[in-house]
Amino acid sequence: MTETRLTFIVWFLLITLTLLGYTVGQLGMSGTGALAILLVAALIKSQLVISHFMEMKHAPSFWKWIPSAWLIVVLGAIILTYQ
């Protein structure tokens, strides 16, 4: 797969997940289900940006896990806050 095609696919996924979050808001969803949808979308979007646009897919394993671990800590704090 060419780099241009991969970039388009990642971009398309980011737009799709953003529209999913917008739809959750427009439908007036709330509660645990909405929170789960939004946090999973945020996790996927963040991982896509970290791996593709920050070029972490070519980094040593230690450096790959630092932003991922930070992301999990932040999302975990959000989950704990809203329970």
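A crossing of two helices is right-handed if the near helix is turned clockwise from the far one by less than a right angle, and left-handed if the turn is anticlockwise. In this predicted model, helix 2 passes helix 3 in a right-handed crossing. Helix 1 passes helix 2 in a left-handed one.

## Overall build

The protein has three helices and zero strands. Along the sequence, the pattern reads α-α-α.

The C-alpha atoms fill a box of roughly 40 × 30 × 15 Å along the principal axes. The protein has 83 residues, and 19% of them are buried.

## Helix 1 against helix 2

Two packed helices are described by the angle between their axes and by the distance between the axes. Helix 1 spans residues 3-26, and helix 2 spans residues 32-53. Their packing angle is about 160 degrees, and their axes lie 10 Å apart. Angles over 145 degrees count as roughly antiparallel, so helix 1 is roughly antiparallel to helix 2.

Which residues of helix 1 meet helix 2? They are Glu3, Leu6, Thr7, Val10, Leu13, Leu14, Leu17, Thr18, Leu20, Gly21 and Val24. On the helix 2 side, the partners are Ala34, Ile37, Leu38, Ala41, Ile44, Lys45, Leu48, Val49, His52 and Phe53. Sorted by class, this contact of helix 1 with helix 2 holds 15 nonpolar, four polar and two charged residues.

## Helix 2 against helix 3

Helix 3 covers residues 61-81. Helix 2 and helix 3 pack at an angle of about 165 degrees, and 11 Å separates their axes. Helix 2 and helix 3 are therefore roughly antiparallel to each other as well.

Helix 2 brings Leu35, Leu39, Leu43, Ser46, Gln47 and Ile50 to this contact. Helix 3 brings Pro67, Ser68, Leu71, Leu75, Ile78 and Ile79. How many charged residues does the contact of helix 2 with helix 3 have? There are no charged residues here; the contact has nine nonpolar and three polar ones.

## The two contacts in brief

Helix 2 takes part in both pairs. With helix 1, the angle is about 160 degrees and the crossing is left-handed. With helix 3, the angle is about 165 degrees and the crossing is right-handed. The contact with helix 1 includes two charged residues, whereas the contact with helix 3 has none.

Notes: Residues numbered from 1 in each chain as written. Predicted model: local features only at pLDDT ≥ 70, side-chain atom pairs only at ≥ 80, totals over all residues. Heavy atoms only, no water. Axes fitted to C-alpha atoms, helices over the stretch in contact; angles between N-to-C directions. Helix = DSSP H or I, 4+ residues; strand = E, 2+ residues; numbered from the N terminus. Parallel < 35°, antiparallel > 145°, perpendicular 65-115°, else oblique. Contact = heavy atoms within 4.5 Å. Nonpolar A, V, L, I, M, F, W, Y, C, P; charged D, E, K, R; others polar. Buried < 20%, exposed > 50% of the residue type's maximum accessible area, 1.4 Å probe, protein only.
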